[in-house]
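Subject: Structure handover

Hi,

Here is the structure for you to look at. My notes follow below it.

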Amino acid sequence: MSYWVNGQLCQQISVTDRAVSFGDGCFTTIHGVNQQAKMLNEHIARLKYDSQRLKIAQPDWEWLAEHLKQVCAEQTQDEFVVKVIISRGAGGRGYSSKGFTSPTVIVSVSPFPNNYVQLQCKGANLVLSQILLARNPLLAGMKHLNRLEQVLIKQEVDELNADEAIVLDTDGIIVECCSANVFWRIGQTVYTPVLSHSGVNGLMRQKIISLLQDSQYHLQQVERFANVLTHCDEVVICNALMPVLPVQSIQMDKQLPPLQFASRELFEYLFLRCKI
């Protein structure tokens, strides 16, 4: 992996950086292909929007876009992952954010996951997570640095040898997966969770919502309990890297056989459109 801090090739940040102390910042994860960053404008817009919500002093966004283009141009592999973190910056102690005017910009490049192509073919096997997401409208939709819930969910996924998890909030409402958003189809109607109380409003989720508005499908953003998945025809999950995967099964209850999904109608409609 390679790292840049504020534009300089570097592997260290200050121990007083608020990303370390409080997870005080936001991030985005970019799919790099053939020396270019896919959906770069959308990723910059997300970082700008989320950092403004957190009232973080704004970096030079034009500089960051050019920096990311240069980083991508230097890569030799066909596909790679670029992660961008915006921290409030370094210095002081305590929760007060007064006086922080110089955000820290961290860029990293890592190898592209090698399992997504396999999962596109065979489908992902999911479990229903026992880790519930807190409901917090102040942070809902944002890709902020406070990811302890996801760390615990991923531990559960790994322990159960699953590919991903369906994650609920503390009211039992479907929100998302550990690292992806979720859509399910019943007939010609496609559903995805409302993310006004928790969850991450992923860029691929936004793209799929836009694609479905001009399709034969009817899209609804809803609040539903997990048992709705027992009645659906198909489930797909998505993020900027996948970009979309069919779900083969969901283990809802350890005492019962998993739900099985044979249809890939929605997946096949979305797959090539999401790769563009």
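Leaving aside its neighbours within four places in sequence, which residues is Leu 229 in contact with? They are Ile 166, Ile 174, Trp 184, Val 235, Ile 250, Met 252, Leu 259 and Phe 261. Contact means heavy atoms within 4.5 Å.

Some ground rules. This is a predicted model, where local features need pLDDT of at least 70, side-chain atom pairs count only at pLDDT 80 or more, and totals for chains, interfaces and linings use all residues. Residues are numbered from 1 along each chain as its sequence is written, and side-chain values use heavy atoms, with hydrogens and water left out.

Cores

Leu 229 belongs to the largest nonpolar core, which has 29 residues. A nonpolar core is a set of buried Ala, Val, Leu, Ile, Met, Phe, Trp, Tyr and Cys residues joined through side-chain atoms within 4.5 Å. Buried is under 20% relative accessible area, exposed is over 50%, and partly exposed is in between (1.4 Å probe, protein chains only). Ile 166, Ile 174, Trp 184, Leu 229, Val 235 and Ile 237 touch the most other members. Elements that each supply at least two residues include helix H4 (116-122) and strand S8 (164-168). Helices (H or I, at least four residues) and strands (E, at least two) are DSSP runs, numbered from the N terminus. Another core, of 23 residues, lies apart from this one; Trp 4 and Leu 47 are among its members.

Aromatic rings

The whole structure holds five aromatic pairs. Rings of Phe, Tyr and Trp (its six-membered ring) pair if their centres lie within 6.5 Å; planes under 30 degrees apart are stacked, over 60 edge-to-face, the rest tilted. Tyr 217 and Tyr 269 have ring centres 5.5 Å apart and planes at 75°, so this pair is edge-to-face. Tyr 217 is in the loop between helix H6 (203-213) and strand S12 (218-222) and Tyr 269 is in helix H7 (residues 265-275), so the pair ties together parts 52 residues apart in sequence. Tyr 217 is buried at 5% relative accessibility. Tyr 269 is buried at 13%.

Phe 267 and Phe 271 form a tilted pair, 5.3 Å centre to centre with 35° between the planes. Both lie in helix H7, four residues apart.

Backbone

Met 242 and Pro 243 are joined by a cis peptide bond, with omega about -15°. Pro 243 is in the loop between S13 and S14.

Regards
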